[in-house]
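Please read this report beside the sequence and the 3D view. It goes through the model one feature at a time.

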Amino acid sequence: MALRYEVKMNGTDIFLIVIRWLHILASAVWVGGGLFYLFVIRPALKRNSEAYLGINKAIGIEFKTVVNMCIIVITVTGILLVFDRLTEDATQTPYVIILALKIVMALWMFIQVHVQQRKSEFLEAFGSANQPMPVGLRRLGRAVSGYNLVIIIGVVVFLLSDVLGILFEEGLR
């Protein structure tokens with residue numbers, strides 16, 4: 001006996017698939033690009049310190065454009081996806097709580113990017129003042145601030161997305 005599984009999709013279903021795909025793609029490009037920069041490009045550039053500042057600045061300019069486009073796509077598609085999920089009967093309180101946390105963390109990422117872009121523009125215009133600080137504290141501060149913090153938050157947002165998927169599937173059962 002062969003099992004038949006029939007899938008019926010309408011225009012709305014196809015539209016939502018495209019929206020989800022764009023949302024995931026923009027998120028993956030942003031966070032994945034940041035991880036690639038942190039773990040591949042930056043270490044490679046630091047080996048050649050003479051080229052580091054110029055190339056790093058050029059990469060930053062190009063990636064800023066990509067990140068800003070990703071923020072726009074994530075925001076627009078995210079709004080559509082929120083309305084889609086919150087109108088489903090399968091959406092329950094835990095889903096809404098995790099979704100709110102994901103949105104807050106995404107907004108925190110957007111703010112961090114904005115702050116870092118302004119900070120870069122300020123430092124470029126006025127230079128930076130090096131303040132003495134213990135090496136360990138300086139390394140820790142660098143590890144959990146700036147673009148590193150954006151990537152850390154981004155990875156957590158991806159985790160929350162998976163949790164939302166599981167919660168929604170559970171609500172459908």
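## Report on the model

Gln112 is a residue of helix H3. Its relative accessibility is 15%, under the 20% cut-off, so Gln112 counts as buried. Between the C-alpha atoms of Gln112 and Val150 there are 6.5 Å in space, although the two residues are 38 apart in sequence. Val150 is one of the buried residues of H5. The model described here is predicted.

The overall layout can be stated briefly. The chain contains five helices and zero strands, and its pattern along the sequence reads α-α-α-α-α. Of the 173 residues in the chain, 28% are buried.

Helix H5 covers residues 146–172. The buried residues of H5 include Gly146, Leu149, Ile153, Val157, Leu160, Leu164 and Phe168. In general, an α-helix has 3.6 residues a turn, so residues three or four places apart point the same way.

Phe168 has a further contact. The charged end of Arg85 sits over the ring of Phe168, at 3.8 Å from the ring centre.

Trp30 counts as buried because its relative accessibility is 4%. Phe110 also counts as buried, at 18% relative accessibility.

How many salt bridges does the structure hold? There is one salt bridge. Arg20 and Asp84 form this salt bridge, and their closest N and O atoms are 3.0 Å apart. Because Arg20 lies in helix H1 and Asp84 in helix H2, the pair ties together parts that are 64 residues apart in sequence. Side chains of opposite charge can pair when their charged atoms come close. Arg20 is partly exposed, with a relative accessible area of 27%, whereas Asp84 counts as buried at 15% relative accessibility.

Helix H1 also holds Arg42. Arg42 has a relative accessible area of 24%, so it is partly exposed. In sequence Arg42 and Ile55 are 13 residues apart, and in space their C-alpha atoms are 9.9 Å apart.

The surface has a nonpolar patch with about 1,000 Å² of accessible area together, and its residues include Tyr5, Met9, Trp21, Leu25 and Val66. Which helix gives the most to the nonpolar patch? Helix H1 (residues 11–47) does, with seven residues. Val66 is found in helix H2 (residues 49–86). At 33% relative accessibility, Val66 counts as partly exposed, because this value lies between the cut-offs of 20% and 50%.

The table lists accessibility for residues discussed above.

| Residue | Relative accessibility | Class |
|---|---|---|
| Trp30 | 4% | buried |
| Phe110 | 18% | buried |
| Gln112 | 15% | buried |
| Asp84 | 15% | buried |
| Arg42 | 24% | partly exposed |
| Arg20 | 27% | partly exposed |
| Val66 | 33% | partly exposed |

Notes. Residues are numbered from 1 along each chain as its sequence is written. This is a predicted model: local features need pLDDT of at least 70, side-chain atom pairs count only at pLDDT 80 or more; totals for chains, interfaces and linings use all residues. Side-chain values use heavy atoms; hydrogens and water are left out. Patches are made of residues with over 30% relative accessible area and no salt bridge: like charges are joined within 9 Å, nonpolar side chains (Val, Leu, Ile, Met, Phe, Trp, Tyr) within 5 Å. Accessible areas come from the Shrake-Rupley method with a 1.4 Å probe; for residues, only the protein chains shown count as cover. A salt bridge is a side-chain nitrogen of Lys or Arg within 4 Å of a carboxyl oxygen of Asp or Glu. Helices (H or I, at least four residues) and strands (E, at least two) are DSSP runs, numbered from the N terminus. Buried means under 20% relative accessible area, exposed over 50%, partly exposed in between (1.4 Å probe, protein chains only). The expected span of a helix is 1.5 Å times one less than its number of residues. A charge sits over a ring if NZ of Lys or CZ of Arg is within 6 Å of the ring centre and within 35 degrees of the ring normal.
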